[in-house]
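Please walk me through this protein model.

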Amino acid sequence: MELTYLSNSGFLLSDGRTALIFDDEGRCPDIINRAALERFDAAVFFVSHSHGDHFSPGIFSFSDVPGVHYVLSDDVPTAGLPEGVRAARMRPMQQTAAANCSVTAFGSTDLGVSFLVLWNGVHMFHAGDLNNWHWRAESTDDEVREAQQAFDAIVSQIPRPIDLAFFPVDPRMGSGYDLGARQFAARIRPRLFVPMHFREAAYAATDFQSSLAVPGVRVLPLTESGQRCELPFGAAPRPTSL
C-alpha cells in the first residue's frame, strides 16, 4: 500500500489496483488526473465536507472514468455530478460500500463528517474537520469546555483498533493547537498517525512527531506535496519525495 500526500488534508492511497482519494482540494493535477485514474480498476473520492480546503468540484470531471466512485458528506454540492454516477451522500452513523471498501461516517465538530474505512483488511480513519477546536487565547472557559465535550462525544463512538489515522494539527489555533490530536492518539491508539490540516506550516507535523509519546502510536509527518511512503504495516515507514 502506498500513501501520497496531496495538500492540507488531502491524501491518495493505492494498492496498485484501487485508489482512495481523501479531501482533494484540486491543488495537485500532476497527481490526480484522468490518465492516472484510468490506470486503476477502481478509484474512490472521499469528501468530508464542502469547505474549499477539502473539496474541489473539479473531482466530478472524472465521473466518466470507469471505476470511479464518490463518497460525500451530504453538505457537499453535487451540481457538477451527472445523474447515474456512483455516489453516496453520508451523514454521521450511516454506512455504505464503494469499490472494495466498507465505509462508516462519524460526526465532525465543524462541518460534514469523518470517515472510517475498512480496505484490504486495514482500518483507516480520516477526521475531516473533526478536532478539539478551541482558541485558548480568545475562548471563554465555557467555550473551551463545550468544545471538549463535543469532541469527546464523537471520539467515544469511534471503534478500535485503527491502523491508520489522518488527523488535524492546525497551528492557527495557537497554544494547544495539537490538543485534539494528542487526545485522539491517546484514546484511539492508531498504529500510524498522519498529521494534516497544517497548510504550509510543516513544523506543526514534525513537532508533533517529536513530542508525542503514546505507546504503540507512530507518527508519520508528510509535509511536501507529492511525498510518498510505502505502508507495509509492521515495518517502519520511510517517506520519500517524487
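**A loop residue and its surroundings**

His 197 sits in the loop between strand 12 and helix 4. Helices (H or I, at least four residues) and strands (E, at least two) are DSSP runs, numbered from the N terminus. This is a predicted model, in which local features need pLDDT of at least 70, side-chain atom pairs count only at pLDDT 80 or more, and totals for chains, interfaces and linings use all residues. Residues are numbered from 1 along each chain as its sequence is written, and side-chain values use heavy atoms, with hydrogens and water left out.

His 197 is not a glycine, yet its phi is positive, about 70°. With 3% relative accessibility, His 197 counts as buried. Buried means under 20% relative accessible area, exposed means over 50%, and partly exposed lies in between (1.4 Å probe, protein chains only).

Met 93 also has a positive phi, about 75°, although it is not a glycine. Met 93 lies in the loop between strand 6 (87–90) and strand 7 (95–98). Its relative accessible area is 48%, so Met 93 is partly exposed.

Now look at helix 3, residues 179–188. Its buried residues are Gly 180, Ala 181, Gln 183, Phe 184, Ala 185 and Ile 188. What do they pack against? Their partners are strand 10 (122–126), helix 2 (141–155), strand 11 (164–168), strand 12 (192–196) and helix 4 (203–211). Contact here means heavy atoms within 4.5 Å. After helix 3 comes Arg 189, with a positive phi near 55°.

Pro 161 is in the loop between helix 2 and strand 11. The peptide bond from Arg 160 to Pro 161 is cis, with omega near 5°.

Gly 10 is buried, with a relative accessible area of 0%. Leaving out residues up to four places away in sequence, Gly 10 touches Thr 4, Tyr 5, Phe 22 and Asp 23.

Which residues hold the most contacts in the largest nonpolar core? That core has 58 residues, and Leu 13, Leu 20, Val 117 and Phe 184 touch the most other members. A nonpolar core is a set of buried Ala, Val, Leu, Ile, Met, Phe, Trp, Tyr and Cys residues joined through side-chain atoms within 4.5 Å. Take Leu 20. Not counting residues up to four places away in sequence, Leu 20 touches Phe 11, Leu 12, Leu 13, Val 44, Phe 46, Cys 101, Val 117, Trp 119 and Met 124. A second, separate core has 23 residues, including Phe 40, Phe 60, Val 68 and Tyr 70.

Now step back to the whole chain. The protein has four helices and 15 strands. Of its 242 residues, 54% count as buried. Among contacts with a separation of 6 or more, 58% come from residues 24 or more positions apart.

The C-alpha atoms fill a box of roughly 50 × 35 × 30 Å, taken along the principal axes. For 242 residues, a compact globule would have a radius of gyration near 18 Å; the protein has 17 Å, which agrees. The radius is taken over C-alpha atoms, and the globule rule is 2.2 Å times the number of residues to the power 0.38.
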